[in-house]
Amino acid sequence: MTENDSTTNFAKSFVWLAWLIALALLVFVFQDLLDEQYNPNQDPKLSLQNNGKAQVVLQQNRQGHYVTNGAINGTEVTFLLDTGATQVSIPAHIAQNLSLQAGDKYRVQTANGSITVYQTQLNELRIGNIYLYNVAAHINPSMDADEILLGMSALKRVEFSQTGKELILREQF
């Protein structure tokens, strides 16, 4: 092998490495854009009304859903608002990470049929600057998603209204 061959091989290797780095950077940049499109409420708009009630304004994502970051018992989670769900529904793998205790089991009807879930209680649920305490929920072992369905056991405790592609949540007293 001549010196010219080793220089050519080094140059080819360097070009491949540059392309791999460029591809990795593109994936990194575009993944952030995709995440923002799926959850445009990673940092929801917060405010206080004149009467002192907390308010959160959420933007619809590209699929027409309201997805937002929040917290359960102080641990950050992602919520998918679902007015058709009776309870807050937590996938079992997330419930385990949150150290939630599974209570009595019971059957519920979902869009995918009848399933068994386990009763649980959330000490604190937070969306932006709105805090809810002692929220009824269930642990759903049939759910593989990384989002928690924010059902009516939580939503009935806030005022909400939709205008265009915005959903406004207001604290109740």
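Is Phe10 buried or exposed? Select Phe10 and see: with 60% relative accessibility, Phe10 counts as exposed (over 50% relative accessible area; buried is under 20%, partly exposed in between, with a 1.4 Å probe and protein chains only). A word on what you're looking at: this is a predicted model, where local features need pLDDT of at least 70 and side-chain atom pairs count only at pLDDT 80 or more, while totals for chains, interfaces and linings use all residues. Residues are numbered from 1 along each chain as its sequence is written, and side-chain values use heavy atoms, leaving out hydrogens and water.

Phe10 sits in helix α1, residues 3-38 (helices are DSSP runs of H or I, at least four residues; strands are runs of E, at least two; both are numbered from the N terminus).

Next, select 113-127 and 130-140, strands β7 and β8: they run antiparallel, joined by nine bridges (strands pair if DSSP finds at least two bridges between them). Ile127 stands opposite Ile130. Two residues separate the strands in this hairpin, and Gly128 has a positive phi near 60°.

Last stop, the salt bridges (a side-chain nitrogen of Lys or Arg within 4 Å of a carboxyl oxygen of Asp or Glu). The whole structure has two. Select Arg126 and Glu76, whose side chains meet at 2.8 Å, N to O. Arg126 is in β7 and Glu76 in β4, 50 residues apart. Arg126 is buried at 17%, whereas Glu76 is exposed at 54%. The other joins Lys53 and Glu159 at 3.5 Å, N to O.
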